[in-house]
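Here's a quick walk through one protein model for anyone meeting it for the first time. Have a look at the structure below, then read on.

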Amino acid sequence: MSETLLQRVRDLEEELEKVKSLLKEKEAVVEDIGQSAKRVQDGKSDCQAENVLGCKKGKKDGKKRALDFSAHPRRHVALRLAYLGWDYQGFAVQDNTDNTVEARLFEAFIKTRLIQNRQSSNYHRCGRTDRGVSAFSQVISIDLRSTQFCGGLGVSLPSSTNPKATGDAIELPYLKMLNRVLPHDIRVLDWSPVVEGFSARFDCQSRTYRYYFPRGALDVALMAEAVKRYEGTHDFRNLCKMDVGNGVLQFERTILSASILPVEPSNTSRKDSYDLFIFEVKGLAFLYHQVRCMMAVLLLIGQKLEEPEIINQLLDVGKNPRKPQYSMAVDYPLVLYDCHFEGLTRQRETEELNHALSVLQQHWTKSAVKTQALLGMIRGLETLGGASFSHCCLMEGTRARNYRPLLERPCCESLESRIEHFVKRGRLELEEGENGREIHRGKKSKHSHDS
């Protein structure tokens with residue numbers, strides 16, 4: 001082969017390498033453009049999501065820009081909540097733990113930029129449930145960020161805004177925003193616009209609690225007769241935990257209704273030890289641990305350890321001014337079932353309602369299957385001659401071998417003794433009231449409307 005032909009081959013090979021190199025560069029450019037486009041699209045999606053949350057990304061470092069709450073309207077609303085309290089240390093925020101329902105709520109409010117902080121949120125709760133207690137209809141009132149520059153019920157406008165300058169706007173999707181960041185065992189069911197002076201605590205007309213229990217060896221008919229003795233206005237100091245140190249000095253409460261109901265009314269003809277019942281009590285307000293103390297006495301009556309008349313005797317603080325020492329009923333069967341308010345216009349979203357229903361159905365399925373598995377084992381042991389429900393499992397503490405009647409037991413300190421104790425400690429102050437009578441002033445109780 002001639003030298004000229006060989007040189008020509010070399011030139012063509014070099015040209016081919018150049019073409020390959022150019023093609024690779026073009027492919028790299030196309031890939032960079034695609035990635036840039038994706039980043040731009042993702043940025044738009046982030047901005048759209050963040051606009052709902054009330055924040056935008058910075059141009060340089062990608063950090064969230066602080067929201068100017070003073071430039072946005074605020075709306076006073078009532079939120080209705082359902083939660084399973086079994087894994088929480090109670091509803092209200094506590095100093096010694098952050099595992100509370102209220103702590104999770106305020107984390108959600110802050111994360112969604114619906115409030116700036118708790119201190120400025122005008123927050124009130126209807127009730128404060130204890131550790132292990134659940135709720136289907138807890139209600140809170142709070143000021144949330146709003147889109148309503150045109151004004152409206154419960155809306156406070158920024159000082160620089162003219163309410164006539166803008167038209168109607170769709171309100172923020174409060175339920176969707178909160179439920180997407182809350183734990184699955186806490187759900188916001190609906191919200192209501194309310195006047196600015198509305199308080200979930202002070203405007204509640206009544207509160208209803210339910211306590212679930214099995215028939216077991218209990219005389220349910222006797223409990224149903226005895227429970228009616230709770231109705232009316234009474235001094236419940238012997239049926240609660242006296243919270244004198246936090247300023248609770250008045251123990252009269254009004255019970256509107258109290259009853260024992262079967263969970264499944266259609267099965268009242270049969271009498272199975274595993275039938276479930278409800279102690280339902282409706283009142284204007286409740287004292288600390290009141291419902292669980294009321295239930296404890298009912299369980300003693302159902303076991304025929306006490307007569308129904310013990311309720312009247314405990315309510316007669318003239319004859320029995322000091323509470324006998326006894327254990328409360330356990331916490332997990334108790335539910336704050338309803339908080340009643342007049343005139344609320346509840347705003348619901350079908351998607352959120354269905355999602356809450358799905359979450360509860362999942363919990364129910366798991367619990368119901370476990371219940372039937374346990375019941376099958378129990379039935380099997382009963383066929384072998386095992387004793388069924390030899391004692392009640394719903395009382396705190398250990399069961400004494402020999403029962404001692406309530407009115408024969410040692411008593412707690414008297415109300416007067418406790419007041420004197422906290423006056424000495426500086427937790428209460430004495431003031432002179434009308435007709436020279438002494439009255440006691442203390443800090444507002446953290447357990448108001450508790451159960």
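This is a predicted model: local features need pLDDT of at least 70, side-chain atom pairs count only at pLDDT 80 or more; totals for chains, interfaces and linings use all residues.

Is H5 mostly covered or mostly open? Covered: 13 of its 13 residues are buried. Just after H5 comes Lys-304, which takes a positive phi of about 60°.

## Strands side by side

Now for some strands. S7 (residues 232-235) runs antiparallel to S8 (residues 252-262), and four bridges join them. If you want a spot to look for, His-234 stands opposite Arg-253 in S8.

S8 also pairs with S9 (residues 276-283), again in the antiparallel sense, over seven bridges. Here, Leu-261 stands opposite Ile-278 in S9. As a general rule, side chains in a regular strand alternate between the two faces of the sheet.

## Charged partners

Side chains of opposite charge can pair when their charged atoms come close. How many salt bridges does a search of the whole structure find? It finds 25.

One of them joins Asp-190 and Arg-348, with the closest N and O atoms 3.6 Å apart. Asp-190 lies in strand S5 (residues 186-193) while Arg-348 is in the loop between strand S10 (334-340) and H7, so this pair ties together parts that are 158 residues apart in sequence. With a relative accessible area of 0%, Asp-190 is buried. The pair also belongs to a network of salt bridges that links Arg-80, Asp-190, Arg-346 and Arg-348.

## Two more pairs

Asp-98 and Arg-104 form a salt bridge too, their closest N and O atoms being 4.0 Å apart.

## A nonpolar patch outside

Finally, check out the surface. Leu-374, Met-377 and Ile-378 make a nonpolar patch there of about 300 Å². Met-377 has its place in helix H7 (residues 350-383). Why does Met-377 count as exposed? Because its relative accessibility is 58%, and the cut-off for exposed is over 50%.

Technical notes:
Residues are numbered from 1 along each chain as its sequence is written. Side-chain values use heavy atoms; hydrogens and water are left out. Two strands pair if DSSP finds at least two bridges between them. Helices (H or I, at least four residues) and strands (E, at least two) are DSSP runs, numbered from the N terminus. Buried means under 20% relative accessible area, exposed over 50%, partly exposed in between (1.4 Å probe, protein chains only). Patches are made of residues with over 30% relative accessible area and no salt bridge: like charges are joined within 9 Å, nonpolar side chains (Val, Leu, Ile, Met, Phe, Trp, Tyr) within 5 Å. Accessible areas come from the Shrake-Rupley method with a 1.4 Å probe; for residues, only the protein chains shown count as cover. A salt bridge is a side-chain nitrogen of Lys or Arg within 4 Å of a carboxyl oxygen of Asp or Glu.
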